[in-house]
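This briefing concerns a two-chain contact and the spaces beside it. Please read it alongside the sequence and the coordinates.

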Amino acid sequence: MIFAGVDSGSRSVKAVLLDGLGMRVIDSGVVDQGVGHQAIASQLLASLLERQGLSAKDVGGVVATGYARESVIEADVAVTEITCHARGVHHLHGDARTVIEIGGQDSKVLHLEPDGTVRDFVMNDRCAAGTGRFLELVARRLGKDIHELDGLSALDVKPLPISSTCVVFAETEIIGLLAGGAGTDEILAGVQKAIASRLTTMSGRLRKAVVFTGGVAMVANMSNMLSRALGVEVVVPSQPQLTGALGAAIIAASAR
Amino acid sequence: MSSECCSSAGAGSCCSGGSSSASSCPITYFEGMIGNCLEYATAAKKSGKPIVGIMCEYTPRELIMAAGALPVCLCGGSADTIPAAEESLPTNLCPLIKSTFGYHAANSNPFLAMADLIVGETTCDGKKKMYELMGMARKMHILELPHRQDCPEALAYWRAELVRLKDALNKRFNVNISDNCIRHAIEVMNRERSAKRKLAALMESDNPPITGLQLLGLKSIISGIPSDLEQYDRAIGMFSSMQGAAKKSVRVLLTGVPTVHGAERVVNIIETSGGLVVCTENCTGLKPVLDDVDTSGDPIDALARKYFGLHCSVMTPNARRRDTMASLVKQYRPQCIVDLVWQACLTYDVESYFIRDLAKELNLPYLRIETDYSPSDSARIKVRLQAMFETVRSRNQRC
């Protein structure tokens with residue numbers, strides 16, 4: 001039996017198809033979030049099923065997560081991304097005790113029990129600083145796309161101090177730095193460092209292993225910055241953007 | 001039939017429609033609380049009774065009542081009045097202070113307009129300084145509240161402050177407050193506190209007959225109105241014999257800042273996200289009604305002891321909050337703790353550290369929500385609550 005997890009997030013929609021036998025991922029996909037949440041998620045799910053030569057009747061259960069979780073009509077139940085990321089990460093890294101997830105508008109730190117359930121968690125409040133959206137805006141201000149940051153080898157770049165982690169004021173600060181002749185790599189590294197240190201104040205006492213997930217974990221050098229700021233090794237799953245959808249699919253499969 | 005009234009309580013549809021008159025169901029009765037209070041205050045004012053605005057549970061309503069005046073709570077719970085307040089007050093101030101001041105600035109609270117005197121108290125720096133601004137246009141009396149409950153001189157000072165309030169009321173309203181008048185007011189307030197405790201105790205049940213939001217609605221901004229007291233008693237009688245439908249809601253203990261009239265948003269989010277607030281340990285919940293005022297001995301002494309004993313975060317240290325919460329946890333069996341902090345409420349904000357610590361000790365999941373009166377973060381609050389409730393349920397499955 002096939003099970004599906006759909007993570008309809010603030011910036012992108014992710015879906016995972018899982019074979020209930022052996023809990024093996026058989027397909028996954030990511031598309032940009034847009035205005036019609038419901039249609040975007042439906043199309044993504046339908047396209048994955050079609051690609052695998054499957055139809056809706058082959059699917060034994062669907063769990064939705066993410067900010068638009070209530071608008072996924074195929075879902076039997078909606079589960080928060082906190083629980084789903086925990087399940088997804090536990091599936092991939094059974095020894096994970098801390099999950100740092102940085103998504104489009106969220107940054108969260110989850111502390112896990114040995115069985116992968118959530119012990120407690122913290123999330124950013126009314127502010128998108130320190131999230132993917134923040135990094136995206138800064139990158140754009142510097143004439144880069146967030147996906148183009150791969151060339152950044154900030155291990156040998158000295159990060160500039162970025163004092164503000166407010167998206168709007170950071171732009172002003174960056175304009176000032178550019179006017180002063182600072183390089184874009186140094187500025188970007190500075191922003192990454194600011195995000196990483198923001199996470200350290202949120203995370204409290206860390207228990208190993210620490211897994212870094214969410215879309216921002218794909219940004220080059222971000223895990224290094226985080227690792228340095230936290231003073232521990234940080235593991236990034238092979239597809240960090242998908243752990244929420246994976247967890248949702250696992251919950252769907254486990255409910256059977 | 002009154003006994004059938006509210007049989008669907010807990011579902012939020014209590015007493016709607018049907019042939020029952022508005023007065024037959026206490027929940028419906030208190031839905032008209034502001035209107036009732038306005039009518040009551042207007043009539044009182046017309047009959048020559050002064051109106052005294054109060055801003056805090058530390059202010060002994062008994063002294064005001066003993067002066068033949070009507071104490072009216074003026075705490076603001078509306079986001080709408082905040083822009084008017086921000087013309088004079090800093091943006092980064094607690095919403096309760098701003099909302100209260102906004103009513104003053106926009107002159108949009110009829111109770112404030114009627115007030116012959118406002119009694120403020122030094123429970124936080126924000127309020128204290130706000131009173132200075134309010135005092136430019138209105139008659140104010142400030143009670144200086146000491147912050148050391150473990151210090152006998154502090155209690156003596158507080159007693160002296162209550163005597164000063166009594167003198168100020170005597171002078172302002174040309175009366176002579178007697179001990180007997182105070183004792184009578186104490187009896188009325190004790191009766192009200194006792195009723196509130198019994199109402200709160202309805203939530204001890206495994207399947208409470210009402211929701212936390214409905215319980216929060218059984219209140220009045222004016223204490224001691226005879227018909228309110230009757231309705232409290234009716235509610236106790238009616239709901240004590242009832243059980244709610246068995247539900248899978250997660251039992252929540254709510255602590256932290258007060259959710260005054262109009263600022264019930266977080267309670268509502270908790271109860272629409274799979275939770276049930278079974279105990280509210282704050283100034284709009286159990287905190288001010290846990291202790292009665294001693295009816296023997298000197299009434300001012302008794303008032304001073306009762307009110308100085310309130311465990312607001314302004315006290316240092318505030319050990320009693322911890323002890324009270326631990327005993328409420330035993331009594332109400334919550335499965336998690338939600339600690340609500342209004343933005344820029346420094347004392348509750350810092351004290352969260354100890355509450356988180358206590359939750360850990362009691363092995364209860366803990367969630368701190370820092371917010372204000374605007375609904376912009378409702379979805380974010382909801383996701384955190386739902387995640388905590390999922391955690392509670394998965395714990396239960398493991399056990």
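Predicted model: local features only at pLDDT ≥ 70, side-chain atom pairs only at ≥ 80, totals over all residues.

Residues are numbered from 1 along each chain as its sequence is written, chains are lettered from A and ligands numbered from 1 in the order in which they are written, and side-chain values use heavy atoms, with hydrogens and water left out.

**Interface of chain A and chain B**

- The two chains bury about 1,700 Å² between them, 43% of it on carbon and sulfur atoms; buried area is the accessible area (1.4 Å probe) lost on being put together, summed over both parts.
- Chain A gives 21 residues to the contact and chain B gives 20, where contact means heavy atoms within 4.5 Å.
- One salt bridge is counted between the chains, a salt bridge being a side-chain nitrogen of Lys or Arg within 4 Å of a carboxyl oxygen of Asp or Glu.
- B:Arg380 and A:Asp106 form a salt bridge through their side chains, at 2.9 Å from N to O.
- Helix 2 (81-92) and strand 8 of chain A each supply at least two residues of the side of chain A that touches chain B; helices (H or I, at least four residues) and strands (E, at least two) are DSSP runs numbered from the N terminus.
- Strand 8 of chain A provides the largest share of that side, four residues.

**Second largest pocket**

- About 1,000 Å³ of space lies in this pocket, a pocket being an open set of points on a 1 Å grid over the protein atoms alone, with protein on both sides within 12 Å along at least five of seven lines.
- Its lining (residues with an atom within 4 Å of a point) has 30 residues, and A:Asp120, A:Phe121, A:Val122, A:Met202 and B:Arg356 lie nearest the centre.
- Strand 8 (118-123) of chain A gives the largest share of this lining, five residues.

**Largest cavity**

- The structure holds one cavity of 30 Å³ or more, a cavity being a set of grid points where a 1.4 Å probe fits but cannot get out.
- The largest cavity contains about 50 Å³ of space, a volume being the space filled by probe spheres set on the points.
- A:Arg119, A:Asp120, A:Phe121, B:Pro365, B:Tyr366, B:Met388 and B:Thr391 line the largest cavity.
- Strand 8 of chain A supplies the largest share of the cavity lining, three residues.
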